[in-house]
Protein chains: 2
Amino acid sequence: MTHPKKLNPTAAIIVIGDEILSGRTKDKNIGWLAEQLGAMGITLREARIIPDIKQVIIDTVLELSAQCDLVFTSGGIGPTHDDITTVAIATAFGKQVVRHPEAEAVLQKHYQNTDLEFNAARQKMADIPMDATLIDNPLSAAPGFILENVHVLPGVPSILQAMFKGLSARLPGGVVMTRITVQCAMGEGSIAAILADVQAAHDGISIGSYPWFKPGNFGTAVVISGLDGAVARKAAEAVAASVKAFGAAAFIVAAGDTA
Amino acid sequence: MTHPKKLNPTAAIIVIGDEILSGRTKDKNIGWLAEQLGAMGITLREARIIPDIKQVIIDTVLELSAQCDLVFTSGGIGPTHDDITTVAIATAFGKQVVRHPEAEAVLQKHYQNTDLEFNAARQKMADIPMDATLIDNPLSAAPGFILENVHVLPGVPSILQAMFKGLSARLPGGVVMTRITVQCAMGEGSIAAILADVQAAHDGISIGSYPWFKPGNFGTAVVISGLDGAVARKAAEAVAASVKAFGAAAFIVAAGDTA
């Protein structure tokens, strides 16, 4: 695949949580964020799921922060003892964690409207690394933050999604990749030579092939991606024409739609 | 969290595929494998999703192969030009890729029973790194392989699952972590002090807390994990008793079951 390293901002996702690695909870944030970033022209380079271990968080954040333009973390910023993301990321960048007056005011106001006490554990959610910028939380008040190029979000998918939507206007965008799917009534092994030829004949696109199986039926979804939409469309038409010449059905479906 | 590094084998998962990073396909293999490994007493240390780039595959496999007892990869072993996992992993360990007679025979037989041609692309799936051990594929014949401590599986979930089930008898097992969930009718912030106390009073367990929200209701699932089931149960009972003393409902649900 041709990665548009220069043209488009690059990103990494770090999901922090023992509950994902134990299999107890199925991650939903990587797939959702991947779609959002793709739609903004940001190239997701890598995603990692790591445990609630401070040194692992520090090492992973520093490694990916150096490699990518943007890093997004998910998980570990709640009020309990196992929420260690804030301290770990502050430590990674040599920052103190301090009570943030604006975060404290927002949380205090939020809890005044509930029958929940704004106790010491909840006050901890106002502790933010020095020099960080807050990320607004329209659902449950506890903010995320941006430190260097690291964007720190919670693990609960509904809250992460609401916060990312507010954050996204502040992120750099890129050229959105054109992605065209050609559904082919051929096995992946039958189509391989066609794809290799089309790939060789079209610069700057990448072709992925994804076999699928249903009872009594099978086929291959061929996905052509590229920053130049015209070239991607030409390649998609070339794949469809070659498959049809081979005697099998093929049709181009809307970009991103894979039936 | 206390990671049983000595007692239990450790593992990492590497999902290889641009289609996951683009958001087009949602990964289902990490969550499924995480559950299987947990049930076998194998500690999953990390999972990564990486692109179809040969050098990234090589670097990631070597890094995680050195850190963990077992590595599982998913994706990139099909018949098309974008299937580069086999060559990348062979390169990582300095091995040649050669046509494997047994794999070729199995594939040839499989395609004789279909109306599909055993063409050059499909023959490529019999190319296996020297010194690798085959992993049987009961669904679609194309084998995976084990090279050093790396277990190479396909990306299609149904095939990966069928192959892992055959493979699992060959894997080392460990002590299965006891995991007990206490459902608490309290917000995470109200329960934080209780959890910190229970954590401090019980050695060798880890306590995770996972807030949940439904229309008109909320609560926290507290998950106690430990290799010593008796200690984990004592800790779970302590959490439930403290929550009830606080005036809120709490009940212990079956291990792993989180309602």
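My entries on domains, helix packing and the chain contact follow.

**Ground rules.** I am working on a predicted model, where local features need pLDDT of at least 70, side-chain atom pairs count only at pLDDT 80 or more, and totals for chains, interfaces and linings use all residues. Residues are numbered from 1 along each chain as its sequence is written, and chains are lettered from A and ligands numbered from 1 in the order in which they are written.

**Domains.** I looked up the bounds for chain A and got domain 1 (10-170) and domain 2 (178-253); such bounds come from an automatic or database domain assignment. Taken over C-alpha atoms, the centres of domain 1 and domain 2 of chain A are separated by 39 Å.

**H3 and H4 of chain A.** I took helices (H or I, at least four residues) and strands (E, at least two) as DSSP runs, numbered from the N terminus. Helix H3 (residues 54-67) of chain A packs on helix H4 (residues 85-92) of chain A at about 50°, axes 9 Å apart. The axes are lines fitted to C-alpha atoms, for helices over the stretch in contact, and angles run from 0 to 180 degrees between N-to-C directions. H3(A) and H4(A) are therefore oblique to each other (under 35 degrees is roughly parallel, over 145 roughly antiparallel, 65 to 115 roughly perpendicular, the rest oblique). I listed the contact residues (C-beta atoms, placed from the backbone, within 7 Å): A:Lys54, A:Ile57, A:Ile58, A:Val61 and A:Leu62 from H3(A), facing A:Thr85, A:Ala88, A:Ile89, A:Thr91 and A:Ala92 from H4(A).

**H2 and H7 of chain A.** Helix H2 (residues 29-39) of chain A and helix H7 (residues 157-167) of chain A pack at about 20°, with 11 Å between their axes. That makes H2(A) roughly parallel to H7(A). H2(A) brings A:Asn29, A:Trp32, A:Leu33 and A:Gln36 to the contact, and H7(A) brings A:Pro157, A:Leu160, A:Gln161 and A:Phe164.

**Chain A against chain B.** How many residues does each chain put into the contact? I found 54 from chain B and 54 from chain A. On the chain B side, the elements supplying at least two residues each include helix H2 (29-39), strand E2 (43-50) and helix H8 (188-201). H8(B) gives the largest share of that side, 8 residues.

**The strand pair.** Strand E2 (residues 43-50) of chain A pairs with E2(B) in the antiparallel sense over 3 bridges; pairing needs at least two bridges found by DSSP. Here I found A:Arg48 standing opposite B:Arg48 in E2(B).

Key
Contact = placed C-beta atoms within 7 Å.
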